[in-house]
Amino acid sequence: EGGGNMAASGEGAPEGLCGPERPGAGGLALLGLAPSAPSCPHGPALLFVKTSQGKEEGRRFYACSACRDRKDCNFFQWEDEKVSETRLAAREEYNRNHQPPFTHRQNVERYKNFVLLPLSKRRFCQQCQQLLLPAEWEKHSDHQFLCDISTAQLKSPSQLLYPLENKKTNAQYLFAGRSCQFLLDLIIDLGFRRVLSVGTPRLHEMIQSKASQEDFRVRSLLLDIDFRYSQFYTEDEFCHYNMFNHYFFGGEAARETCRKFLYQGSGERVIMVTDPPFGGLVEALASSFKKLMAMWKETEKEDHNQEMPVFWIFPYFFESRILEFFPSFSMMDYQVDYDNHALYKHGKTGRRQSPVRIFTNLTPSMIVLPVEEGYRFCAVCQRYVSSGNQHCEICNSCTSKDGRRWKHCVLCKKCVKPSWFHCNNCNCCALQNHTCEKTDAVCFVCGKAGHKRSTCPSLSHT
């Protein structure tokens with residue numbers, strides 16, 4: 001809130017190790033989480049290799065799982081590198097020094113003391129993003145801080161904390177109230193009573209704020225890499241978690257908290273709702289989500305053929321990537337919007353509409369979208385679609401992905417975006433002013449030769 005079968009389960013691969021992201025593509029390929037991977041402050045590093053036309057070229061190396069920009073985390077190590085004891089010791093010290101100043105348990109105790117203070121003594125340091133006790137005021141005297149922190153503010157930490165807007169690591173583009181309320185209403189209508197909120201602090205916050213209401217039965221556990229939330233939630237409400245390497249910073253105790261939460265006692269059904277950074281590696285996310293789903297399955301005694309229900313919130317143009325790892329998923333037309341994102345807001349039209357959608361393994365007909373916002377039920381497709389998504393009789397499907405009405409191309413044998421036209425030179429549909437370039441290089445999207453990423457046929461429907 002902060003993107004086929006998984007290669008991790010391929011024959012002959014060590015457990016937890018996944019295959020290259022795209023066998024035919026050039027660039028970097030993710031090999032996954034190796035059993036003996038070194039660690040940075042964000043947990044175990046991921047293994048990568050440079051590829052060219054589907055073949056490994058160069059040495060394999062480890063890099064940070066969460067930060068793709070080395071300015072945020074500069075961890076790097078060759079897979080076959082011999083690391084000296086001195087360097088290992090220095091790395092361990094570096095990792096220790098880059099941990100939060102207080103543990104989760106200490107933060108819980110600090111919160112208990114903070115709420116006992118009179119309003120005039122409740123301060124929040126904006127520079128350190130930390131609740132301050134009176135004894136700490138002097139240390140933060142030259143910092144900007146907020147005074148008179150109310151109980152309402154403490155129950156809405158996502159509005160008190162600065163959003164972390166690194167799109168590849170944190171990307172806290174927070175759900176707008178409309179989308180957050182829709183998701184919660186949908187979850188309740190579908191009969192779920194427990195929500196595993198993975199990187200969705202605002203949804204977790206909304207659920208927590210209603211917990212005191214007598215007729216409200218939904219509970220939430222937030223898994224998030226942003227440790228600042230540990231100041232506001234107990235160890236049963238928040239786990240410090242890296243969704244790119246399935247790493248619980250709190251160790252086995254935090255894992256057990258998650259396991260207990262996933263146990264569907266007294267018929268309390270569980271759903272996972274996740275909104276990862278859009279710049280994150282889809283295959284790394286998929287690997288972690290599969291492990292969370294496996295954790296749920298271990299606690300589920302009734303039907304071993306079922307999957308844990310999931311709402312994965314991600315841009316529509318990642319549809320083919322998500323379906324590679326989760327073939328049972330389908331994309332809903334509902335447009336998710338965000339408070340602090342300049343583009344992804346409700347009410348925009350044409351190409352300016354939010355591209356963010358809900359991917360789910362639930363039956364599409366069960367997902368009822370708001371008619372008052374223009375969504376309607378297609379009896380043929382058996383799902384709700386946006387007003388501009390017209391059913392194509394030839395494709396026998398509502399084909400639009402971006403909210404606009406798409407058109408059918410007889411030559412391509414599929415529907416394409418309204419701004420695209422068939423190019424005989426490229427033998428596919430593309431923008432009218434595109435550059436026709438026949439090339440022997442492979443496409444970074446599908447790995448096939450003869451075209452570039454900008455004119456990849458697979459993008460015409462993603």
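Reader: Is helix H6 mostly covered or mostly open?

Author: Start with the cut-offs. Buried means under 20% relative accessible area, exposed over 50%, and partly exposed in between, with a 1.4 Å probe and protein chains only. Helices (H or I, at least four residues) and strands (E, at least two) are DSSP runs, numbered from the N terminus. Now the case: H6, residues 201-210, is mostly covered, with seven of its 10 residues buried. This is a predicted model, where local features need pLDDT of at least 70 and side-chain atom pairs count only at pLDDT 80 or more, while totals for chains, interfaces and linings use all residues. Residues are numbered from 1 along each chain as its sequence is written, and side-chain values use heavy atoms, leaving out hydrogens and water.

Reader: Which residues of H6 are buried?

Author: Pro201, Arg202, Leu203, His204, Glu205, Met206 and Ile207.

Reader: What do the buried residues of H6 pack against?

Author: Contact means heavy atoms within 4.5 Å. The partners are helices H4 (157-160) and H5 (177-189), plus strands S11 (192-198), S12 (219-224) and S15 (269-274).

Reader: How do I read a nonpolar core, and how many residues has the largest one?

Author: The general idea first. In soluble globular proteins, nonpolar side chains tend to be buried together. A nonpolar core is a set of buried Ala, Val, Leu, Ile, Met, Phe, Trp, Tyr and Cys residues joined through side-chain atoms within 4.5 Å. Here the largest has 90 residues. Leu196, Leu203, Leu223, Leu292, Phe311 and Trp312 have the most contacts inside it. Helix H8 (residues 282-299) gives the largest share of this core, nine residues. Another core, of 15 residues, lies apart from it; Leu117, Phe124, Ile149 and Tyr229 are among its members.

Reader: What does Leu223 touch?

Author: Leave out residues up to four places away in sequence. Leu223 then touches Leu196, Ser197, Val198, Gly199, Cys239, Tyr241, Phe248, Cys258 and Leu292.

Reader: At what angle do H7 and H8 pack?

Author: Axes are lines fitted to C-alpha atoms, for helices over the stretch in contact, and angles run from 0 to 180 degrees between N-to-C directions. H7 (residues 251-262) packs on H8 at about 60°, with the axes 9 Å apart. Under 35 degrees counts as roughly parallel, over 145 as roughly antiparallel, 65 to 115 as roughly perpendicular, and the rest as oblique. H7 and H8 are therefore oblique to each other.

Reader: Which residues meet there?

Author: From H7, Arg255, Cys258, Arg259 and Leu262; from H8, Leu292, Met295, Trp296, Glu298 and Thr299. The residues of this contact divide into five nonpolar, one polar and three charged. In that count Ala, Val, Leu, Ile, Met, Phe, Trp, Tyr, Cys and Pro are nonpolar, Asp, Glu, Lys and Arg charged, and the others, Gly among them, polar.

Reader: Now backbone angles. Where does Gln129 sit?

Author: In the loop between strands S8 (123-125) and S9 (130-132). Gln129 has a positive phi of about 55°, although it is not a glycine. Gln129 is buried, at 9% relative accessible area.

Reader: And where is His246?

Author: In the loop between strands S13 (238-242) and S14 (247-248). His246 is not a glycine, yet its phi is positive, about 55°. His246 is buried, with a relative accessible area of 7%.

Reader: Is Pro163 buried or partly exposed?

Author: Partly exposed, at 31% relative accessibility. Pro163 is in the loop between H4 and H5.
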